[in-house]
Amino acid sequence: MTSPTGSLQDGYALAFQNASYRLPSGGTLISNLNLRVARGETLILLGRSGSGKTTTLKLINRLLDASEGEILIAGKPIRSLDPIELRRGIGYVIQDAGLFPHWTVERNIGVVPRLNGWPEEKIKARVREMLTLVGLPPEEFAERRPSSLSGGQKQRVGVARALASDPPILLMDEPFGALDPMTRADLQKEFRTLAARLRKTIVFVTHDVREALYLGTRIAVLDQGRLVGVYTPSEFLKASELEIHAFVASLHSGAADEGAQ
Amino acid sequence: MKWYVFLLHNRVEVFQRIVEHLGLVAASMAIALAIGLPVGIALVRRAKLQRWVIGVANVLQTIPSLALFGFLIPVPLIGGIGASTAIVALSLYAILPILRNTCIGIVEVDPTVVESARGMGMTPRQVLWQVQLPLAAPVLLAGIRVASAMCIGVATVAAAIGAGGLGVFIFRGLAMVNNQVILAGAIPVAGIAIAVDSGLGYFQKSVGKR
């Protein structure tokens, strides 16, 4: 979680080493995951529902603890870190944004800086900066409640909130999944620009192949809790594994549908 | 003598009875809140125990109030004749709606909001105070409303064990077979109940809007 230093042996921001996650009832949700995320890349976790994408994400900020194996952030096993401190250093965006409905947009975005004990003036300035960054004019949006925002605006606030304390890692769990296609396309486009500019290490969960190809530096395909493979977008389109074929086929059929309309 | 004439003629005693009545209700509600809120919060994560405790509280609720006052009289320390016994009994009645609504209110907070609060790095205590309790507040207040309305009504029975309050007029009226004296106790009780309920209702609405 500390800033990158030269003393680190590997250049990876995040690494899974033989990580498994089992439910107390015995079901295995993640088995033997080995995965490395480079600094500044956007790694997509792609899979069907139930493939373990969200579970993998939650292992990173310790909303779930790995049953076996290690997860390293900047070379340090996260097991050795305080989960509360760890989470305050990782941005987290979920579907439907998970905004606090009883707080204004301003208070929502300032939540992590406030938890980190920033002075009020600095929080206020940062919130304004973040609102501008995600394309919401502060004077118009700072005082509003989440209930008065559209789906796209909520998601923008969610992204602003995750970025507010300037964490090196950003976890995004189908952030654009619940949006209408037009709004989703807009946000994807803006997010791609934003990600390139901010150089955050991003782990992004989706089941949408086009979104994965558009936003991902690399795409990790999960199936039933196992890693099928990690591909760059162009490798992904050429990959020979059956699981990938199914995805690519779904992409083509989706594209054909749209062409027909 | 009409009930309002009775009230006017006996205004010094009426005032004293109203103060006693409000005192009984306030003390019992304070105890019920002091027990119901923390126990309710503690039970949120313990589903099994929660069912059990709410079950016991439900049974307590079914004991007729007059009987409960009677049962408590011989109990050492808390029992005996007077206000303290009445306060114990009233608290027992008021705990259930407070406890139950605390549990339900917190359990029903949108789990994605709670998870995002945890994901942001809030401690369990911060999640409780900054997210769960504020969002559960309308449900919690509804429980307090029910409890206080019930307390105000049941407190009339406390006069039977010498705890005073507006019930004194009701029992006196019963003994005298004088409906106007009964009304002189019952109507102020109803007035207090309506005033407290609408006050809390207004508060509940303004909290719900936030």
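Hi everyone, let's start with a residue in chain A: A:Asn18 is exposed, because 12 other C-beta atoms lie within 10 Å and a residue counts as exposed at 12 or fewer. Before I go on, please keep in mind that this is a predicted model.

Where does A:Asn18 sit? You'll find A:Asn18 in strand 1 of chain A, which covers residues 12–22. As background, most residues other than glycine have a negative phi.

Chain A has another case for us, A:Asp166, with phi near 55 degrees, again positive and again in a residue other than glycine. As for its place in the chain, A:Asp166 belongs to the loop that runs between helix 7 (151–163) and strand 7 (169–173) of chain A. Is A:Asp166 exposed or partly exposed? A:Asp166 has 13 other C-beta atoms within 10 Å, so A:Asp166 is partly exposed.

Now, on to the contact between the chains. Chain A puts 15 residues into the contact, and chain B puts in 14 residues. On the chain B side that touches chain A, helix 6 (111–119) and helix 7 (124–154) of chain B each give at least two residues. Which element of chain B supplies the largest share of that side? That is helix 6 of chain B, with six residues. Sorted by class, the side of chain B that touches chain A holds six nonpolar, five polar and three charged residues.

Conventions. Residues numbered from 1 in each chain as written. Chains lettered and ligands numbered in written order. Predicted model: local features only at pLDDT ≥ 70, side-chain atom pairs only at ≥ 80, totals over all residues. Contact = placed C-beta atoms within 7 Å. Helix = DSSP H or I, 4+ residues; strand = E, 2+ residues; numbered from the N terminus. Nonpolar A, V, L, I, M, F, W, Y, C, P; charged D, E, K, R; others polar. Buried ≥ 20, exposed ≤ 12 C-beta atoms within 10 Å, placed from the backbone.
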